[in-house]
Amino acid sequence: MNDKNKRLASFILGFAIMLFSGVFYAWSLFRVELQAQFPSWSASAASLNLSVFIITFCLGGLLGGRLTTRLGQPKVARLGALVMLAGGLLFLTLSRLGSGAALIMLYLSYGGLCGLGVGMVYNADISAVGSLFPKAGGLVSGALLTGFGLGSLIMGAVVMKLSGAIGFFPAFLCAVVLVSAVSFFGAPLLTPAAPKAGGTAAATDNDRTTGEMLRSPVFWLFFLWVIFMTSGGLMVINSAASIAMLFGAAAIVGMIVSVFNGVSRMGIGAFCDRFGSSRSMLVANCAAVLAGLFMLVASATGSMALMVLGLITAGITYGCAMSMNAVVIREEFGSRNYPSNFSVATLSGIPSSIIGPYVSGLLQDRSGGYQTTFAAMLVFSLVAAAMLCGILIIRKRRQR
């Protein structure tokens, strides 16, 4: 296989892995199904599962980044696939447990092991495939992440359709087996670009170690920007199906957030390649402000059209922020230590996964609605804008 065909095959595999892995982000659909079976679960308790998943996803990415230096991306992907499969098998036992034990098992299986495994595979996928296309890093990373975003809609719908025939729990296990098998057997294609002559990757002026990155003010401002952006997005993503139903629409309408979560990732990646990350972050932040405004006005007027616009812009907010995470770290701190640097940057998902879904669930439990959640989204978007101003000021001074 020549280099061009190998790169294409690696990209197709990487996209397929991301698409199938997106099933875990269809949580707002699965949450409705599970709460129907376990009605004693509160909204905040059910929301916590998404927080657990994203925390272990981030830790899996960190672990994968560390292991990559010793094992390489293919072996890390295979290990992650096995961890995912173990989580899927444990999830199957929920149907035979009581309400309290089932909730704990949910956190352990779906939230814990599946999150850890997906994080490992995700890091191997992004770092390996992205390195094969150095001139189109934003577009390629965005395209891979588009698969991750769209997977929640496509795979979520497949699981729910299949559950009508074989039951929800076996249907979910089938999805986990699929992504685990593709990751495990396709792992040899997740091999990064060969190093330049001399045995090491070619150095560039902006190559930084993880320690140097952690001492950079730009990193911490960007880290906080991602936290506030994704926290706001997760407030809606966590409850998208329930929000749609509140406005009189079918639960599946709520998954439009996943469509734009996915599509925006490739769009912002291409935009970033052409116009740079500063303008791209500005576009993303504007979408975040609009999301909060649309949802607030929709809740006050009962407008389904504004609700849909709010879901669309919330999806764009989350998708753009996730894509910028992959692009800015390479742009600011180079490619040589990218697997390790990127894995540290994705730890921003830990606080956002706690803040977003938990605050949303807590506010819902206390108010019985979503208006306070939408107000919190708007506040978060404005705080993110303050972080972005700091980044832009530092970059402007650096250019002088």
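Predicted model: local features only at pLDDT ≥ 70, side-chain atom pairs only at ≥ 80, totals over all residues.
Helices are taken here as DSSP runs of at least four residues, numbered from the N terminus. When residues up to four places away in sequence are not counted, Ser 264 touches Gly 315, Ile 316, Gly 319 and Cys 320.

Arg 66 belongs to helix H3, formed by residues 43–71. With a relative accessible area of 44%, Arg 66 is partly exposed. Its neighbours within four places in sequence aside, Arg 66 is in contact with Ser 340 and Val 344. Arg 66 and Met 324 are separated by 258 residues in sequence, and their C-alpha atoms lie 22 Å apart in space.

The packing of helix H5 (residues 99–131) with helix H14 (residues 338–345) was also examined. The axes of these two helices are 10 Å apart and form an angle of about 130 degrees. H5 and H14 are therefore oblique to each other, since an angle over 145 degrees would be needed for roughly antiparallel and one of 65 to 115 degrees for roughly perpendicular. The crossing of H5 with H14 is right-handed. On the H5 side, the contact comprises Tyr 122, Asn 123, Ile 126 and Ser 127, which meet Tyr 338, Pro 339, Phe 342 and Ser 343 of H14. Of the residues in this contact between H5 and H14, five are nonpolar and three are polar, with no charged residue present.

Note on methods:
Residues numbered from 1 in each chain as written. Heavy atoms only, no water. Buried < 20%, exposed > 50% of the residue type's maximum accessible area, 1.4 Å probe, protein only. Contact = heavy atoms within 4.5 Å. Axes fitted to C-alpha atoms, helices over the stretch in contact; angles between N-to-C directions. Parallel < 35°, antiparallel > 145°, perpendicular 65-115°, else oblique. Left-handed = near helix turned anticlockwise from the far one by under 90°. Nonpolar A, V, L, I, M, F, W, Y, C, P; charged D, E, K, R; others polar.
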